[in-house]
Amino acid sequence: MRIGLALSGGGTRGIFHIGVLAALEEIGIMPNIISGASAGALVGALYCGGMSPKEILEEARSLKWYHFLGARLPKNGVTSLDYINDLLRRHLTHDSFELLNIPLYVAVTNLQKGKEEIFSEGKLHTPILASCAVPLIFEPVIIEAQVYMDGGILMNLPIEPIRPFCDLVIGSNLIPVDVLEENSLKGLTNILTRVLEISINQNTKSQRVMADLIIETSLISKYKRYDLTKPNQLYELGYQTAMEQVPDFIKDRKFQNI
């Protein structure tokens, strides 16, 4: 049985994915192919490149916002992607999709053409950076004279690219849309964040129906998408959510060859 795993975008909530990967390994599910957008693309690339969930978590624990404050001034963004670029160079020295241990599909948004694109071959680092380039926060990435940004803009949970190659597809989703308390929608930042999440949820609907299982929890909503202070809690939430949802799913479906 070929198993696919799609990892959504969601900023620092992406640490949730690391817990999901650890749980899947413990259960005995090893993905044959992985796709990702934004934070999901970064976590997916490191895992496909051979890092263990524990090793990826250690990188997440060490991450601070001042790491993104480089010597140069970025254009068209608050900060640059230099730190993430250095991270990729340290752990994925080959810079090649073809040399990954597990095939990886990365969703990006082509701003010039106004459509999503999927990278799965050739140079690896630049498409990962493009998928992580959240608008206004990070500067856009140029690939072959085209301007690219965050894959989550148009395909935040990229299940469609890997569905044809898999018997079973599991999605790990960082942006479930739940009913919020009125007081949580006070302030410009909270309102804009909510609008963005509703928009992302809309582009996720068509992807969700292609999955066999979506690992997600409303509890993740209490974690802000750019808060770097709670890596352990996010990891544990991902681990516990997967450990609660995946075994029951396997038992109900009676998959015997996982």
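Modeller: This is a predicted model.

Biologist: What makes H2 itself count as largely enclosed by the rest of the structure?

Modeller: Buried means under 20% relative accessible area. Ten of the ten residues of H2 are buried, so the helix is largely enclosed by the rest of the structure. Among these buried residues are Ala-39, Leu-42, Leu-46 and Tyr-47.

Biologist: Why are H2 and helix H5 called roughly antiparallel?

Modeller: H2 (residues 39-48) and H5 (residues 125-132) pack at an angle of about 150°, and their axes are 7 Å apart. Angles over 145 degrees count as roughly antiparallel. H2 and H5 are therefore roughly antiparallel to each other. On the H2 side the contact is made by Ala-41, Leu-42 and Ala-45, and on the H5 side by Ile-128, Ser-131 and Cys-132.

Biologist: How do the residues of that contact divide into nonpolar, polar and charged?

Modeller: Five are nonpolar, one is polar and none is charged.

Biologist: Which residues touch the most other members of the largest nonpolar core?

Modeller: Leu-104 and Ile-128 do, in a core of 65 residues. Leaving aside neighbours within four places in sequence, Ile-128 is in contact with Ala-41, Leu-42, Ala-45, Leu-88, Leu-104 and Val-106. There is also a second, separate core of ten residues, which includes Ala-6, Ile-33, Ile-159 and Ile-162.

Biologist: How do you know that strand E3 is paired with strand E4?

Modeller: Two strands pair if there are at least two bridges between them. Five bridges join E3 (residues 104-110) to E4 (residues 115-119), and the two strands run antiparallel. Val-106 has Phe-119 as its bridge partner in E4, and Thr-109 stands opposite Glu-116. The hairpin of E3 and E4 has four residues between the strands, and in it Gly-114 takes a positive phi near 70°.

Biologist: Which strand pairs with E3 in the parallel sense?

Modeller: Strand E2 (residues 33-37) does, over four bridges. Gly-36 stands opposite Val-106 in that pairing.

Biologist: How many bridges are there between E3 and strand E6?

Modeller: There are two, in the antiparallel sense, with E6 covering residues 146-149. The requirement is at least two bridges, so this counts as a pair. Tyr-148 in E6 is the bridge partner of Asn-110.

Biologist: What makes E3 a strand with both faces covered?

Modeller: In a regular strand the side chains alternate between the two faces of the sheet. On one side of E3 lie Leu-104, Val-106, Val-108 and Asn-110, on the other Tyr-105, Ala-107 and Thr-109, and all are buried.

Biologist: Why does Ala-107 count as buried?

Modeller: The relative accessibility of Ala-107 is 0%, so it counts as buried; the cut-off is under 20%. Leaving aside neighbours within four places in sequence, the contacts of Ala-107 include Gly-36, Ile-118, Ser-131 and Met-155. The C-alpha atoms of Ala-107 and Phe-119 are separated by 6.6 Å, though the two are twelve residues apart along the chain.

Biologist: Is Asp-95 buried or exposed?

Modeller: Asp-95 has a relative accessible area of 18%. The cut-off is under 20%, so Asp-95 is buried.

Biologist: Where is Ala-145, and why is it called exposed?

Modeller: Ala-145 is in the loop between strand E5 (141-143) and E6. Exposed means over 50%; Ala-145 has a relative accessible area of 60%, so it is exposed. The phi of Ala-145 is also positive, near 65°, in a residue other than glycine.

Biologist: How many helices and strands are there in the protein?

Modeller: There are seven helices and eight strands. Of the 258 residues, 53% count as buried.

Conventions: Residues numbered from 1 in each chain as written. Predicted model: local features only at pLDDT ≥ 70, side-chain atom pairs only at ≥ 80, totals over all residues. Heavy atoms only, no water. Axes fitted to C-alpha atoms, helices over the stretch in contact; angles between N-to-C directions. Parallel < 35°, antiparallel > 145°, perpendicular 65-115°, else oblique. Contact = heavy atoms within 4.5 Å. Nonpolar A, V, L, I, M, F, W, Y, C, P; charged D, E, K, R; others polar. Core = buried A, V, L, I, M, F, W, Y, C linked by side-chain atoms within 4.5 Å. Buried < 20%, exposed > 50% of the residue type's maximum accessible area, 1.4 Å probe, protein only.
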